[in-house]
Structures are given as structure tokens and as C-alpha cells.
Amino acid sequence: MTERAVLAVSFGTSHRDTLEKNIAAIEAELAAAFPERTVRRAFTSGMILRKLAGEGTHIDNVPQALERLLAEGCTDVVVQPTHVMNGEEYHKLLAQAEPYRARFARMSFGRPLLTAAEDYAALGRALMEALPAQRADTAVLYMGHGSEHQANSAYALMEYAFHDLGRKDVVIGTVEGYPGFGEALRRLKERPQVRRVELRPLMTVAGDHAKNDLAGDEEDSWRRRLEAAGYETVCVLTGLGEHPAVRALFVEHARQAE
């Protein structure tokens, strides 16, 4: 009988390597922090769930995971997203979970990574542990996913937080929102001494976007476009979930919700 649980909800990935390094690592950290709770997994991306199902792997969506917990006698569940911001996927999670709220004695929700003002400084400090020392000729360019959702403003705020923490060498762009690659490149060109750019994903997992859009061999990848603009590039394909200090932030958000 599973009376108490943590449901870790991710957008998801079909890349098995990054799933283990990031999502499974966050889930393991939650399991260690809440030994009295069963930790379960759910993904919100229908596209990824269908792709995994086609490969013979079933992962629950949010309603399926909650139904399963109810059938096992769970009465108290903390739903902890591994999403970076309060965007479309997080609001989809809330909408899917809402009909189940009355069926549990207690259901609470942890915050995505970037929610409150202090979250930005906390993530900046966590990532700075893994950043190299600043060099006048080098910039760090993070790729976020980006969104048409109003929460997309999180990316500009995150760059501001880095600068406020003393890392003015950090630039943040997104694949599908503002600022995009063009805005990021313009900010790099405003620093004529920068000749080298270190590329990193600002995503929970270093999956398709990181491997292809950021570091890929196609001419439209950020790496290739920067090299065409005359920059030397280095790609560090580490998802946010691979950083122990970032995993600790997800755990803290779940603890605050408990």
C-alpha cells in the first residue's frame, strides 16, 4: 500500500542517456530526501510518450500516474515538476491534476525551477559552481527552450540574475522564444574582445535541442552559426539535472510543498 508519494513530473525525453543522467537523477534525489514517500514518474509531452510507446516503453502521463497511486491506496501526494519555468507544460500539468485533487486527502504542488524571485539567484549560484573562471575573451551562451507563453520572460530575468551575481560573461538565448539566437549574437558582438563562446543548454535534459539545435553539425545549429561568425566554440552538453546543486533546488521546492 502506497499511502504517501512524490510524483515527479517532467516534460520528458526520448533520449535514454540524458533521461538517466537528468530526470532519473532528480527522481533519485527526491527518493533519498523523502524516504517515507514512494517516488513515481510522469511525463507531460504527448509526443514523447507516443514515441517511447512505439519503442516499447510505457511511461504514465499525469492522469495515469495519479490513477495508479489512487488504486494503490495513496492519500497524500506531492506533485513536483522538473520544468524550468511556469510555462505551458506546467499549466497543462496543473489542469490535468486538478480533477484528482478532491480524490486525495492531500495533494500539493512544488514549484518549477524558476518561480519566485529568489529562485533565479539560487539557480545562478548553482550553475556557477560548474562554470569556468571568467576570461575576457570568452562568453558563456546558454540555450533555453523558449515559449510563446508569458513565462518566457524568465530567460531575460535569468540572464540579469547571472550579471547581478557577477557573471556578466553569460548570455541567454532561446530556440523558440525571445531572446532568440539573433539577439544573443548581437549581445556577443557588443563585446569585441570575445572570440570564444562556450555553449551550454539551459534545459532540464540535454536532449534533442542540445544535441542538434545547439551543438549539431547542420549549418543552422548555434555552434555552426557562431563558427561562421568567426567565434571559436566549445560545447558542454550538460542538462540542468546533472548538477547536484540544481537537483537540490528541486528537492527544496518539494520540501516546501510537503
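## Ser-221, a buried loop residue

Buried here means under 20% relative accessible area, exposed means over 50%, and partly exposed is in between (1.4 Å probe, protein chains only). With a relative accessible area of 1%, Ser-221 is therefore buried. You'll find Ser-221 in the loop between α8 (208-214) and α9; helices are DSSP runs of H or I with at least four residues, strands are E runs of at least two, and both are numbered from the N terminus. Leaving aside neighbours within four places in sequence, Ser-221 is in contact (heavy atoms within 4.5 Å) with Asn-212, Asp-213, Leu-214, Ala-215 and Gly-216.

## Ground rules

This is a predicted model, where local features need pLDDT of at least 70 and side-chain atom pairs count only at pLDDT 80 or more, while totals for chains, interfaces and linings use all residues. Residues are numbered from 1 along each chain as its sequence is written, and side-chain values use heavy atoms, with hydrogens and water left out.

## Two aromatic pairs

A pair of aromatic rings is described by the distance of the centres and the angle of the planes. Rings of Phe, Tyr and Trp (its six-membered ring) pair if their centres lie within 6.5 Å; planes under 30 degrees apart are stacked, over 60 edge-to-face, and the rest tilted. The structure holds two such pairs. Tyr-142 and Phe-162 are stacked, at 5.5 Å centre to centre with 15 degrees between the planes. Tyr-142 sits in strand β5 (residues 138-144) and Phe-162 in helix α6 (residues 154-164), so this pair ties together parts 20 residues apart in sequence. Tyr-142 and Phe-162 are both buried.

The other pair, Phe-181 with Trp-222, is tilted: 5.4 Å centre to centre, 50 degrees between the planes. Phe-181 belongs to helix α7 (residues 181-189) and Trp-222 to helix α9 (residues 222-228), so the parts tied together are 41 residues apart in sequence. Phe-181 counts as buried at 8% relative accessibility, and Trp-222 is buried with a relative accessible area of 4%.

## A cis peptide bond

Tyr-178 and Pro-179 are joined by a cis peptide bond, with omega about -5 degrees. Pro-179 lies in the loop between β6 (170-174) and α7.

## Where α3 meets α4

The axes of helix α3 (residues 62-71) and helix α4 (residues 88-97) come within 9 Å and cross at roughly 40 degrees. Axes are lines fitted to C-alpha atoms, for helices over the stretch in contact, and angles run from 0 to 180 degrees between N-to-C directions. Val-62, Pro-63 and Leu-66 of α3 make the contact with Leu-93, Gln-96 and Ala-97 of α4.
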